Amino acid sequence: MAQNEAATLVEEGASHGGAAAAHGGESGLNIHPMDQFVIQPLFHDGAVGMFTVTNSTLWMAIAVLSAVLLLVIGTRGCDVVPSRAQSVAELAYGFVHKMVEDVTGRDALKYFPYIMTLFMFIVLANGLALLPMSFAPTAQFAVTVPLALAVFIAVTALGFIKNGAAFLGLFWVGSAPLVLRPVLAVIELISYFVRPVSHSVRLAGNIMAGHAVLKVFAGFAGALGIFAVIPVLAIALFYALELLVAFIQAYIFTILTCVYLKDALHPSH
Amino acid sequence: MEGDIANMGQYIGAGLAGIGSGASAIGVGHVAGNFLSGALRNPSAAAGQTATLFIGIAFAEALGIFSFLVALLLMFAV
């Protein structure tokens with residue numbers, strides 16, 4: 001049944017080319033772009049519990065291991081003329097260090113290890129997810145929401161510890177007219193609490209959308225026969241874009257962490 | 001029958017939510033274009049503002065991603 005449909009689709013694809021893609025949805029083209037995000041247990045079938053080792057766990061562990069491999073083992077020699085691994089590690093370290101220094105200020109450099117950890121984990125998880133047959137842990141809200149919540153809670157606690165009640169000055173816009181200040185305070189308060197939502201959804205949504213797009217084009221390639229060259233070329237282009245997005249999303253997550261940290265350390269407007 | 005109508009509503013809603021990603025594309029283009037026009041007027045100041053550029057793009061893009069999320073919720077979670 002399904003084979004027959006596929007065969008007719010291929011015939012259609014050979015004769016009509018792009019038309020088959022346009023009608024693909026209704027004639028039973030089997031594209032399931034969201035199937036790649038299904039969490040599965042690795043070692044047994046059945047329900048996923050609190051401590052089940054899943055494919056997401058595996059790929060997060062691989063990301064952490066590669067970060068350790070790059071930053072600890074790669075810089076073990078501390079050569080004056082760095083090896084390839086050491087120069088990449090130094091590049092990453094210098095990049096994040098400069099970002100924290102520029103955006104948050106020199107006094108925030110003691111929080112640099114946390115920000116570096118976030119950046120390395122996200123950039124490696126995003127990058128490794130682009131390998132064929134791999135899994136994208138950063139496309140899971142269950143992964144990105146705790147990351148963003150951890151930043152949110154840490155930053156809020158830090159703001160109150162460092163500034164005391166003066167931290168609430170973040171919501172009281174001193175430069176606005178007096179009448180407007182309560183209204184602005186409500187808006188600022190809402191936007192403050194939306195931060196972890198947008199922080200996590202931005203990362204997961206971007207990665208998920210990119211991988212789904214790749215999968216949709218792969219579905220077209222399966223149905224078009226000889227004309228599969230077109231979607232395959234599109235996949236190659238989108239893959240290059242996704243490499244860029246994988247880095248930029250890690251960068252944005254990190255730099256927003258720096259911005260939030262700056263707000264916590266210097267809450268005055 | 002009622003289930004069909006509910007399904008139809010889901011699909012229409014998901015399609016409408018897709019408009020949001022187009023709107024956020026306009027926003028991201030606006031941010032990047034204005035950065036470029038400013039950067040070409042004063043190229044020496046541009047390098048220091050790339051971080052601001054990316055933060056602006058991230059904020060503009062977040063709302064488009066929200067609409068994508070709404071579409072996903074309608075398709076798979078409702």
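The contact between the two chains takes eleven residues from chain B and 14 residues from chain A, two residues being in contact if their C-beta atoms, placed from the backbone, lie within 7 Å. On the side of chain B that touches chain A, the residues divide into ten nonpolar, no polar and one charged; Ala, Val, Leu, Ile, Met, Phe, Trp, Tyr, Cys and Pro count as nonpolar, Asp, Glu, Lys and Arg as charged, and the others, Gly among them, as polar. This is a predicted model, in which local features need pLDDT of at least 70 and side-chain atom pairs count only at pLDDT 80 or more, whereas totals for chains, interfaces and linings use all residues. Residues are numbered from 1 along each chain as its sequence is written, while chains are lettered from A and ligands numbered from 1 in the order in which they are written.

**Chain A overall**

- Chain A has eight helices and zero strands, where helices (H or I, at least four residues) and strands (E, at least two) are DSSP runs numbered from the N terminus.
- Of its 269 residues, 28% count as buried, meaning that 20 or more other C-beta atoms lie within 10 Å of the residue's own; 12 or fewer make a residue exposed, and values in between partly exposed.
- Among contacts in chain A between residues at least 6 apart in sequence, 66% join residues at least 24 apart.

**Helix H7(A) against helix H3(B)**

- The axes of H7 (residues 181-223) of chain A and H3 (residues 50-77) of chain B come within 9 Å and cross at roughly 70 degrees; axes are lines fitted to C-alpha atoms, for helices over the stretch in contact, and angles run from 0 to 180 degrees between N-to-C directions.
- H7(A) is therefore roughly perpendicular to H3(B), the class for angles of 65 to 115 degrees; under 35 counts as roughly parallel, over 145 as roughly antiparallel and the rest as oblique.
- Residues making this contact include Ser198(A), Arg202(A) and Asn206(A) of H7(A), with Glu61(B), Ile65(B) and Leu69(B) of H3(B).
- By class, the contact of H7(A) with H3(B) has eight nonpolar, three polar and two charged residues.

**Helix H5(A) against helix H8(A)**

- The axes of H5(A) and H8(A) come within 8 Å and cross at roughly 160 degrees, and the two helices are therefore roughly antiparallel.
- Among the residues in contact are Ile115(A), Phe119(A) and Ile122(A) of H5(A), and Phe247(A), Ala250(A) and Phe253(A) of H8(A).
- The residues of the contact of H5(A) with H8(A) comprise ten nonpolar, five polar and no charged.

**Helix H6(A) and its surroundings**

- H6 (residues 141-163) of chain A has 23 residues and reaches 32 Å from its first C-alpha to its last, close to the 33 Å expected at 1.5 Å a residue; the expected span is 1.5 Å times one less than the number of residues.
- Buried residues of H6(A) include Val143(A), Leu147(A), Val151(A) and Val155(A), and their cover includes H3, H5, H7 and H8 of chain A.
- Phe141(A), in H6(A), counts as partly exposed because it has 16 C-beta neighbours inside 10 Å.
- Leaving aside residues up to four places away in sequence, Phe141(A) touches Ser200(A) and Ala204(A).

**Backbone features**

- Met133(A) has a positive phi of about 70 degrees although it is not a glycine. Most residues other than glycine have a negative phi.
- Met133(A) lies in the loop between H5 and H6 of chain A and counts as exposed, with 5 C-beta neighbours inside 10 Å.
- Gly164(A), which follows H6(A), has a positive phi near 65 degrees.
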